[in-house]
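The entries follow in the order I made them.

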Amino acid sequence: MPYQLLNYNIMEIQTLKSTKSEFSQDKRYLNLLSQSFPTVADASREIINLQAILNLPKSTEHFVADLHGENEAFQHILKNASGNIKRKVNNIFGNTLRESEKRELCTLIYYPEQKLELIKQEEEEINDWYHITIYQLVRVCRDVSSKYTRSKVHKTLPEEFSYIIQELLHERTDDEDKTDYVTAIIDTIISTGRADDFICAICNVIQRLSIAKLHVLGDIFDRGPGAHLIMDTLIPYHKWDIQWGNHDILWMGASAGNDACICNVLRIALRYANMKSIEDGYGINLVPLATFAMEVYANDPCKEFQPRLMGEDSMSDKAKMLYAQMHKAITVIQLKREAQIFHSHPSWKMEDRDMLSVIDYEHGTCTLMGKTYNMSSCHFPTIDPQNPTALTPEEEALMRGLRNSFLISEKLHRHIRKILSHGCMFAICNSNLLFHASIPLNADGTLREVEIMPGQRYKGKELMHNIGMMIRSAFQNDTPKDEHSYARDYFLYLWCGPDSPLFDKSKMATFERYFLKEKETHIEEKGNYFKLRHEEHIIDMILDAFEVKGENRHVINGHVPVHVVKGESPVRANGKLMVIDGGFSQPYHKETGIAGYTLVYHSRGFELVQHEPFNSTADAIKRGIDIKSTRQILEMSHRRMRVADTDEGAEISSKIADLKDLLYAYRHGIITERERKKEFIL
């Protein structure tokens, strides 16, 4: 039972309750609460503690979006708290340390294990270095822990060093009575050979306390090499949530056994020649696909399917050819399976996206919207022009094997379960509405009704909620067979359906981009949300529909990269909409001109941190090269926000009200104080 339940007044229980059953229910709740707080003293102490917490500064939230598998950049931003740790080091030490010394200290905080190994190879007076560095780290840790109660800080500390860190945080060398005491602690840490372990522990505490909560606004997966590594980082992370993005949904559909989603996942990975998450991360066996592709497309140049290499990546001509053949093979199967699913669900109104049925295979042309186009190539050895969407027996066998690989990947399913348990289609947090892409709208700006199952139409908040419920049903064993099958197919609609809140475009022009040179055919017209979201009254209407309260409320989302080089701003609708897709993914760097955003919401307001491309973890460790970030103040509060101003504060206030009711019940004999359980030491 949640601790924050209905607030009621015990003084009026007998006069306001119309029935004995209602009074009995309230009394049962008070009896339950009394198990945790058995005496007046216990309840009073908790009220005092909670009331004090309400007056602490609001803790710091970080928002990121569209990570797209860029693990190293993501890891570094977590470790440096989007530049916040460097800022604190500068504030604490000012001119008392050289810039090189502050840079070394920051690098140590970010990567303690690796940096220590380098320092021990170079430092001649290592014990002196330990002394100085531990004092410096304690000062930084004291600063980042100042927003939290001692109890909360204590819970973040590693057990083996918990007592020592607490003593160092709360005792100072400028206290003459404690100077020798503190010095002795540090001397003993060093003399017992525990300095390295202690430094690693306190650095990790600094990292953890610098970010109270992390919001990921979708798209962990896609082009980059380390989606699986990002998930490995998030799973043990202290507090995080995710609003599912279109690429997350694609991978969720693949893990649920949707063939079209599986093909799309593989196609995108092959397009960017990046198979690390597929093969190394999740153990998907691609040998059958490679064998099939080399046989079927042996004499095909596959020019449209050459991999796009990023940065300094290189690949032999032979490897490029193999990737191109695999790329084409899986794309053709994708187009077939998508068409089959579209035809099986006519209510989606997507049968016109059966692109294989509009091709004139004899003349190498296709007809779209009444116009005939020449195709760049028309070599499809596995397509029967009389039945173009049918898979060959070899393609069927290949898909069975690939589907099985996705279904039995234990690590993939563990990661998807975490995305399900920590995520949803939207979230409301501290007067902010979070979602990945869009809210479907009509042309006049009103909420658009969308049919997610035949006869079931929803809009706005109900639409997002029911889509989330359908997604979850695809992973539940007790879902009726027909509903389970539909939910599994629906992942494809969420990926590319016109009214999908994760896509919201007229079409996904995959076929056109591969086979037609005319740019007019590549146009994917954006939905009404993207056309209208710059208008303040539209954002206000959406916030009202989702029942978002508060004076300073916002919509925060990602999905569409902000083209900073073209003068686009991430802040729109008179400051009520924040679009924080700054292009973490390498393919977007030239397009956006930056390499990602972090939106930081602390006790003084909102700051947008704009990141430049991250070189590498190796450079960060060896040369102390940090991500260059620019901070932009978006919105400052007229007063420093406290816990009382947050959702957590509302829960604490409700908790206090319940405890006050319990106090009244104790003092007026409605509930009898319980005897404390005594602990006996044998």
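**Entry 1: threonine 365.** I started at threonine 365, which lies in strand E5, residues 365-368. The model is predicted, and what I note here is computed from it. I looked up the relative accessibility of threonine 365 and found 12%. The cut-off for buried is under 20%, so threonine 365 counts as buried. I then listed its contacts, leaving aside neighbours within four places in sequence: Val358, Ile359, Asp360, Thr372, Tyr373, Asn374 and Met375.

**Entry 2: phenylalanine 93.** Next I went to phenylalanine 93, which is found in helix H5, residues 84-93. Its relative accessible area is 4%, so phenylalanine 93 is buried. Not counting residues up to four places away in sequence, phenylalanine 93 touches Leu105, Gln136, Arg139 and Val140.

**Entry 3: helix H15.** I asked how many of the 13 residues of H15 are buried. The count is twelve, so H15 is largely enclosed by the rest of the structure. The buried residues include Asp259, Asn264 and Arg267, along with Cys261, Ile262, Cys263, Val265 and Leu266. H15 covers residues 259-271 and reaches 18 Å from its first C-alpha to its last, close to the 18 Å expected at 1.5 Å a residue. I also looked at both ends. At the start of H15, a side-chain oxygen of asparagine 258 comes to within 3.0 Å of the backbone nitrogen of alanine 260. Just after H15, alanine 273 has a positive phi of about 50 degrees.

**Entry 4: helices H18 and H19.** Two packed helices are described by the angle between their axes and the distance between the axes. For H18 (residues 317-344) and H19 (residues 393-408) I noted an angle of about 95 degrees and axes 12 Å apart. That angle makes H18 roughly perpendicular to H19. On the H18 side I listed Ile330, Val332, Ile333 and Lys336, which meet Glu395, Leu398, Met399 and Leu402 in H19.

**Entry 5: nonpolar cores.** Which residues have the most contacts inside the largest nonpolar core? They are Ile109 and Ile471, in a core of 189 residues. I followed up isoleucine 471: leaving aside neighbours within four places in sequence, isoleucine 471 is in contact with Trp244, Ile249, Met252, Leu420, Met425, Phe491 and Leu494. Apart from this core lies another, of 19 residues, among them Leu33, Ile47, Leu659 and Ala665.

Methods. Residues numbered from 1 in each chain as written. Predicted model: local features only at pLDDT ≥ 70, side-chain atom pairs only at ≥ 80, totals over all residues. Heavy atoms only, no water. Core = buried A, V, L, I, M, F, W, Y, C linked by side-chain atoms within 4.5 Å. Buried < 20%, exposed > 50% of the residue type's maximum accessible area, 1.4 Å probe, protein only. Contact = heavy atoms within 4.5 Å. Helix = DSSP H or I, 4+ residues; strand = E, 2+ residues; numbered from the N terminus. Expected span 1.5 Å × (residues − 1). Polar contact = N/O pair within 3.5 Å; in protein donor to acceptor, adjacent residues only side chain to side chain. Axes fitted to C-alpha atoms, helices over the stretch in contact; angles between N-to-C directions. Parallel < 35°, antiparallel > 145°, perpendicular 65-115°, else oblique.
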